[in-house]
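Here are a few exercises to work through with the viewer open. Try each task before you read its solution.

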Number of protein chains: 2
Amino acid sequence: MTDQNKYTLAIVDDHLLFGSSLEKLINSFDEFSVLFKARNGIELQKELANQSAIPDIILLDYNMPVMNGYETVKWLTENHPKIKVLALSVEDNEKIILKMIREGAKGYFLKDIHPDELKDALRIVMEKGYYYSEAVTASMVNALHPNSNDVPLKFKENELTFLQLACSEMTYKEIADVMNLSPKTIDGYRQELFNKLRIKNRVGLVIYALKNNLIEL
Amino acid sequence: MTDQNKYTLAIVDDHLLFGSSLEKLINSFDEFSVLFKARNGIELQKELANQSAIPDIILLDYNMPVMNGYETVKWLTENHPKIKVLALSVEDNEKIILKMIREGAKGYFLKDIHPDELKDALRIVMEKGYYYSEAVTASMVNALHPNSNDVPLKFKENELTFLQLACSEMTYKEIADVMNLSPKTIDGYRQELFNKLRIKNRVGLVIYALKNNLIEL
DNA sequence: TTTGTAAACAGGAAAAACCCTATTTGAGAC
DNA sequence: GTCTCAAATAGGGTTTTTCCTGTTTACAAA
């Protein structure tokens with residue numbers, strides 16, 4: 001295959017080492033070559049503006065500081081709908097995957113993918129227009145299932161305040177004082193939250209709050 | 001430079017894609033070549049046992065699921081003190097950096113390092129025996145500064161296990177069962193930790209564990 | 001005015017967490 | 001064997017948390 005016929009890629013990743021390494025790997029595939037690299041969405045925009053050539057595929061790191069994966073995909077689908085975006089991430093987070101797909105990413109894979117699979121993914125995305133690994137498909141099925149459907153669960157003002165205060169070393173009595181409520185009311189909030197969140201004790205509360213960014217560490 | 005004279009490396013990283021890519025990059029350096037890759041500390045041990053050749057340098061990802069960076073460095077300094085270990089990580093966490101250095105890592109760098117700098121680092125570590133970037137040196141200076149002197153407080157094996165289990169919804173009795181110890185012993189650990197960490201209850205324990213990266217969310 | 005309903009509050013009890021002060025056990029030093 | 005020291009264990013008491021089942025209060029709709 002001559003260089004002219006190769007599919008071209010751009011890599012967007014803030015980890016220089018990973019980006020450069022990945023470039024080497026991809027350039028070793030005989031159907032693909034890397035056109036350019038960028039460190040974030042902003043840099044990518046500049047490259048796409050300057051560059052006369054537009055890549056066929058963009059490999060996009062989800063976890064970027066400046067203009068993150070989500071925003072970048074959004075911008076790309078609006079401004080360069082022909083470019084196929086493959087999102088790349090270290091974390092196997094169902095919500096993020098679905099968010100990216102909804103935004104128009106044509107595929108998603110984890111950084112622990114095998115290089116051969118990456119090559120396959122690149123081929124498939126050029127042929128079929130998309131590539132979803134088994135794991136991702138599973139996520140999608142899961143998301144359509146209405147049971148584990150994590151509706152973000154909203155809390156009443158007081159409940160939320162209590163939840164946050166419970167993530168401290170205060171006793172419930174002290175929390176009651178701070179909130180100017182009877183300890184029994186606080187106990188009610190606690191009970192209600194335990195049921196709603198299906199947890200067994202205060203530690204569960206803390207874990208939940210942390211996982212859902214309801215408190216800062 | 002002939003292949004015979006090249007310095008050899010091993011890469012330990014659970015992200016296949018990164019590992020393979022990095023391999024390409026390093027093999028493109030004319031002084032270095034990759035001897036083998038492993039996905040975690042356990043695999044590395046096996047490789048080192050089988051393999052007749054021992055690498056000069058090991059590039060070690062800090063964030064591994066099975067046998068993590070910390071444990072692996074520890075094992076390496078004990079069993080293969082001649083191998084130079086360079087730790088690799090995405091996070092710029094001062095405490096972790098220092099921990100690794102104390103354990104015997106000969107260098108540390110973030111994954112956003114420039115490939116040229118990586119090459120330099122490899123050269124330097126073979127010449128001088130160590131390599132510390134400016135950023136890391138700054139961390140070290142910082143650590144010697146006596147104000148923010150968080151002596152990382154070390155825990156006994158069991159204490160640590162308890163601490164981690166305490167960050168779950170298990171009762172202390174259940175933890176005792178899991179650890180095959182008397183509930184009273186667990187109570188002893190709890191007491192000891194409360195005093196040492198100057199906290200008042202189990203929530204304090206969870207917060208502490210999170211802040212010090214003793215558990216993953 | 002009644003009625004409905006959600007939030008606040010209460011009683012009472014069992015379980016778990018918390019606290020303090022010993023005693024036992026096991027491994028290594030002498 | 002005895003001594004030593006730390007880790008493991010125990011006893012037993014107090015406080016807090018957890019749980020279940022009510023009642024009161026406030027406020028709005030009918």
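**Exercise 1.** Which helices of chain A and chain B each supply at least two residues of the surface near DNA strand C?

*Solution.* Start with the ground rules. This is a predicted model, where local features need pLDDT of at least 70 and side-chain atom pairs count only at pLDDT 80 or more, while totals for chains, interfaces and linings use all residues. Residues are numbered from 1 along each chain as its sequence is written, with chains lettered from A and ligands numbered from 1 in the order in which they are written.

Now pick the helices (DSSP runs of H or I, at least four residues, numbered from the N terminus). They are H9 (183–197) of chain A, plus H8 (172–179) and H9 (183–197) of chain B. H9(B) has the largest share, four residues.

**Exercise 2.** Find the residues closest to DNA strand D.

*Solution.* Then list the elements giving two or more residues: H8 (172–179) and H9 of chain A, together with H9 of chain B.

Finally, sort by class (Ala, Val, Leu, Ile, Met, Phe, Trp, Tyr, Cys and Pro are nonpolar; Asp, Glu, Lys and Arg charged; the others, Gly among them, polar). This surface has three nonpolar, six polar and seven charged residues.

**Exercise 3.** Work out how H1 of chain A and H1 of chain B are oriented to each other.

*Solution.* Take the axes (lines fitted to C-alpha atoms over the stretch in contact, with angles from 0 to 180 degrees between N-to-C directions). For the two H1 helices (residues 16–27 in each chain), the axes come within 7 Å and cross at roughly 75 degrees. H1(A) and H1(B) are therefore roughly perpendicular (the 65 to 115 degree class).

Contacts (C-beta atoms, placed from the backbone, within 7 Å) include A:Phe18 and A:Leu22 on H1(A) and B:Phe18 and B:Leu22 on H1(B). By class, that's six nonpolar, four polar and two charged residues.

**Exercise 4.** How many residues of chain A are in contact with chain B?

*Solution.* Count 31 residues of chain A, in contact with 31 of chain B. On chain A's side, H1, H5 (115–128) and H10 (202–211) give two or more residues each. H1(A) gives the most, with eight.

Note on methods: Parallel < 35°, antiparallel > 145°, perpendicular 65-115°, else oblique. Contact = placed C-beta atoms within 7 Å. Near = placed C-beta within 6 Å.
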